[in-house]
Structures are given as structure tokens and as C-alpha cells.
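Open the model in your viewer and get ready to select residues by number. Each stop says what to pick and what is there.

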Amino acid sequence: MAKSNDYKFLVRHPWDRYAFPAFVALIWFVILVGFVPQIVRKIQEQTFNYPVAVHIHAAVYVSWLILLTVQTALIGRGSLAGHRRLGSFGAGLAVLVVLTGLVATYVVENLMFGTSRSDPAFISILLVDILNFASLATAGLLLRRDAAAHKRLMLLATMSLLQAGFIRWWGEAMFTAFGRGFLGGWMADFLGVSLLVLGLGVYDLVTRRRLHPAYVLGAAWLLSWQFIATWLYASRWWKDVSLHLLGH
């Protein structure tokens, strides 16, 4: 008869030392590939004129990525005390990611209103990104004493914000291949995020032969809201709602 411990999720695996930094590196890769070429192009064209709210949000989000990188490195080195000391700072930074994301969304969409770049319905995607990050990061912080749940939820939270990087990377190619309807919109916005999320699950299946309940619930939550966001964006009535939310 199998022992009860055989059914417990293995908190640490020797491969974790390399796998979790690899996931963090992939997150950095998506952001850099998605944003750096656009920033360079705008500087060259002398059109780098984003609102202050966008610069603040970008600085806060990059700070979050730096913190995630440092925290992952501390755990890899076995410095649990150092990791915990940064926990309170991380909680405050997560709140700032949410608040600055909401402000940047409102400011940018209103600045573009009435121009050829205006697409008020797109706030469904942006608001769901923020919702996913806020809910998953909160769950991760609440479960910080459960190391296996905590690290997976914090990774999922960070992955949930990668939509902006992926759509800048391959958005037009996805729209060309799959159209600008529901499928094309979902592929452009969320395929990359979904692949990273599924990759984390595959890693656990390979190393643990099971999925952690926090991962299962977190991934299901994240992916479900992605479909809801795409459905809202494709719905005619949502444009009126989005205009109301933006104050028009």
C-alpha cells in the first residue's frame, strides 16, 4: 500500500534551482522583445512622448520584475530570511502595479479617444490583465507560508501581465493569420501567456507527476478571464460600456 506521503506535492525538486530562474528569464525575454524595439523606433522617429502615467507604470512594473528576479535568486541560494524581509516591500509594490496600471489605462485610452488609434473596447483586455494580476498576487501573498503554492501563484500573477509584450511581438502576425475576430484576438493577446502557464504545469507533471491545487485553480482562473476578456472585446454592447467606464 502506498504511503500517504506519496500523495503530497513535492515542495522542492533539484531541477527547481534552474527551472524557476528560467521562467523568470522567459518573462524578461517577452517584455524586452515586445517593448524595446518599439521604444527604439519611437526614439528614432522622435515620437517617444508617452504620458507621465505610462512612465510611472513602466517603472513600477520593471521594479516588480527586478524584485521577482531577486526573490527567485534568494530562494535559489537558500536565503529564506532575505526573501521574507523583502515580502512586505513586494506586497506594496504589487498594489502599485495595480493602481498605476489602472491609471495608465484610463489616461492612455482617453488621450487616444477620437483618433484613429482609439479602441475603447480594448480596456476589457487591460482590465482583465490587472484583475488577474491583483487576484493571483493577493492569493500568493496570503499563501506565502505554503512555499509551493506561493511561488506558483506569484509566477502566474506576473505571467498574466505579459499580454502587452506578446501582442507587440507577434500581434500583427496573429491577426493576419487568424483574422481580427475572437480567435485572432485571443491568439494575439493570450496565446503566449497561455503557453507559459501551461509550461509551468508541464514542468510540475514532469518533476512531481501531479499539479499543485494552487496552480490548477490559479491557471483556470487566469485562462477563464482571458476568454471572458476576448468575448467582451468582440461583443458589440461592450463598446458602450467601455465608453461609460472611460467617462464618455
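This tour of a predicted model visits a threonine, a surface patch, a helix and some salt bridges.

**Stop 1: Thr100**

Select residues 87–112. This is helix H4, and Thr100 is found in it. Is Thr100 buried or exposed? Thr100 is buried, because its relative accessible area is 12% and the cut-off for buried is under 20%.

Now show the side chain of Thr100. Which side chain does Thr100 join in a polar contact? The partner is His57, at 3.0 Å. Next, show the backbone of Leu96. Its oxygen lies 2.7 Å from a polar atom of the Thr100 side chain.

**Stop 2: a nonpolar patch**

Select Val95, Leu96, Leu99, Leu102, Leu127 and Leu245. Together they form a nonpolar patch with about 480 Å² of accessible area. H4 supplies the largest share of this patch, 4 residues.

Pick out Val95, which is found in H4. Val95 counts as partly exposed, because its relative accessibility is 46% and that class runs between 20% and 50%.

**Stop 3: helix H8**

Select residues 182–208, which make up helix H8. Where does H8 bend? Look at Phe190: the bend there is about 55°. Now show the rest of the structure around the helix. In H8, 19 of the 27 residues are buried, so the rest of the structure largely encloses this helix.

**Stop 4: salt bridges**

How many salt bridges are counted here? The count comes to 4.

Select Asp16 and Arg208. They form a salt bridge, with the closest N and O atoms 2.6 Å apart. This pair links distant parts of the chain: Asp16 sits in helix H1 (residues 16–44), Arg208 in helix H8, 192 residues apart. Both Asp16 and Arg208 are buried.

Residues three or four places apart point the same way, because an α-helix has 3.6 residues a turn. Arg208 and Asp204 are both buried.

Salt bridges with shared partners join Asp16, Arg152, Asp204 and Arg208 into one network.

Last, select Glu172 and Arg180. Their side chains form a salt bridge of 3.1 Å, N to O. Here both residues are exposed.

Conventions: Residues numbered from 1 in each chain as written. Predicted model: local features only at pLDDT ≥ 70, side-chain atom pairs only at ≥ 80, totals over all residues. Heavy atoms only, no water. Helix = DSSP H or I, 4+ residues; strand = E, 2+ residues; numbered from the N terminus. Buried < 20%, exposed > 50% of the residue type's maximum accessible area, 1.4 Å probe, protein only. Polar contact = N/O pair within 3.5 Å; in protein donor to acceptor, adjacent residues only side chain to side chain. Bend = angle between axes of the 7 residues up to and from the residue. Patch = residues over 30% accessible without salt bridge, like charges linked within 9 Å, V, L, I, M, F, W, Y side chains within 5 Å. Areas by Shrake-Rupley, 256 points an atom, 1.4 Å probe, with all protein chains shown as cover.
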